[in-house]
Amino acid sequence: MSPQSKTEQQHKPNISRLDPVWARIREEAQQGVEREPLLGGMFHSSILHHRTLEQALAFRLSQKLASAEMSEQILREIMDEAHADDASLGEAARADIVATFERDPACNRFMKPLLYFKGFQAVQAYRISHWLCKQGRADFASLFQMRVSECFGVDIHPGAQIGKGIMIDHAHSIVIGETAVVGDNVSMLHSVTLGGTGKSDGDRHPKIGNGVLIGAGAKVLGNIHVGDCARVAAGSVVLEDVPARKTVAGIPARIVGEAGCAQPSLTMDQLFKGEI
C-alpha cells in the first residue's frame, strides 16, 4: 500500500448508516426516562442499552417469549443470528413501526410498538419463525409460533408470507394460515382470520394484495385473492376473489362499492358511503 493510500485510509471518516427510526426511538426513550423515572430501568434495558433496533427487538421479544423450554439467552442468540443473516427483517420492522405510527391514532411515539403493542411484537416474532422455517429448522419455528400464540393471542404459521408496512391493530385472535400471502402496506384489525375451508392440504389459504384494509372479525377463507387496495368490511366472510379497489361486506361477502380511496390501509376509513 502506498504512503498516500495509508494517509487516505487514516483520514477516512467513520460514517455510520443513517437510521432515523432508531434515532427517534432512542430520543423518545431518553425523554421517557426524564418524564417517568420509575420506568427508567425499562427504557434503558429495552432501548438505550442497545446499539441497533435489531438488538433491541431481540432483547424485548426474548423477554416476552422466554419459557422453561426456551431461555431468554437462546432466543436472543437465534434472533441476533436471524438479523445478521437477513437485513430485510430489520427493514420490515422499521416499516411496520412507521406504518403503526401513521395509521393508529393511539400510537403517538415510535417506541410504543416496540415496547407495548402486541400486534407489532407478534409480527416481528413471526418474521423470526419464518426465517427459521426457511433455514429448515421446523421444530424451532413451530416452538416460536406456539409461544407467540400463548403470549400475544396471535397465531401466524411460520410458512405464511407477510410483506412490510404491516399494521395489526389490537391484534387479539389473529389467525394466518400456512400458505397465506399478505402483501405490503396491509392493515387489519383484531379477530381477522386468513384460513382454509377444510382438511385439504396444499395451497389452501388467501392471498392478500398490497394496500388492503381488513376490518375487525373478518374471515377470508380458502385459496382466493383479495386484490390490491381493496376493503373487507368488519365481520364479513369472504369466500370468493375480491377485485382490486373494491369494498366487500356481508356473509357471504359481496361487492358493495368502490374502495373509496387509493390505499384504504393507509386511511383506515372503514365507513361505507354507498358508492355502488
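Glu150 and Arg147 are 3 residues apart in helix H9, so about one helical turn separates them. The model is predicted: local features need pLDDT of at least 70, side-chain atom pairs count only at pLDDT 80 or more, and totals for chains, interfaces and linings use all residues. Residues are numbered from 1 along each chain as its sequence is written, and side-chain values use heavy atoms, with hydrogens and water left out.

**Exercise 1.** Describe the salt bridge between Asp203 and Lys207 and the accessibility of each partner.

Solution. Step one: the closest N and O atoms of this pair are 2.7 Å apart. Step two: Asp203 is partly exposed, at 46% relative accessibility. Step three: Lys207 has a relative accessible area of 12% and is buried.

**Exercise 2.** Determine which parts of the chain the salt bridge of Arg127 with Asp96 ties together.

Solution. Step one: the closest N and O atoms of Arg127 and Asp96 are 2.8 Å apart. Step two: Arg127 is in helix H8 and Asp96 in helix H6 (residues 88-103), so the bridge ties together parts 31 residues apart in sequence. Step three: both Arg127 and Asp96 are buried. Step four: the structure holds 9 salt bridges, and a network of them links Asp19, Glu54 and Arg94.

**Exercise 3.** Which residues of the largest nonpolar core touch the most other members?

Solution. Step one: a nonpolar core is a set of buried Ala, Val, Leu, Ile, Met, Phe, Trp, Tyr and Cys residues joined through side-chain atoms within 4.5 Å. Step two: the largest has 47 residues, and Phe144, Ile176, Met188, Leu194, Ile208 and Ile214 touch the most other members. Step three: elements supplying at least two residues each include helix H4 (53-65), helix H9 (138-152) and strand E4 (174-176). Helix H8 gives the largest share, 7 residues. Step four: a separate core of 20 residues has Trp22, Phe43, Leu48 and Leu53 among its members.

Terms used
Buried means under 20% relative accessible area, exposed over 50%, partly exposed in between (1.4 Å probe, protein chains only). Helices (H or I, at least four residues) and strands (E, at least two) are DSSP runs, numbered from the N terminus. A salt bridge is a side-chain nitrogen of Lys or Arg within 4 Å of a carboxyl oxygen of Asp or Glu.
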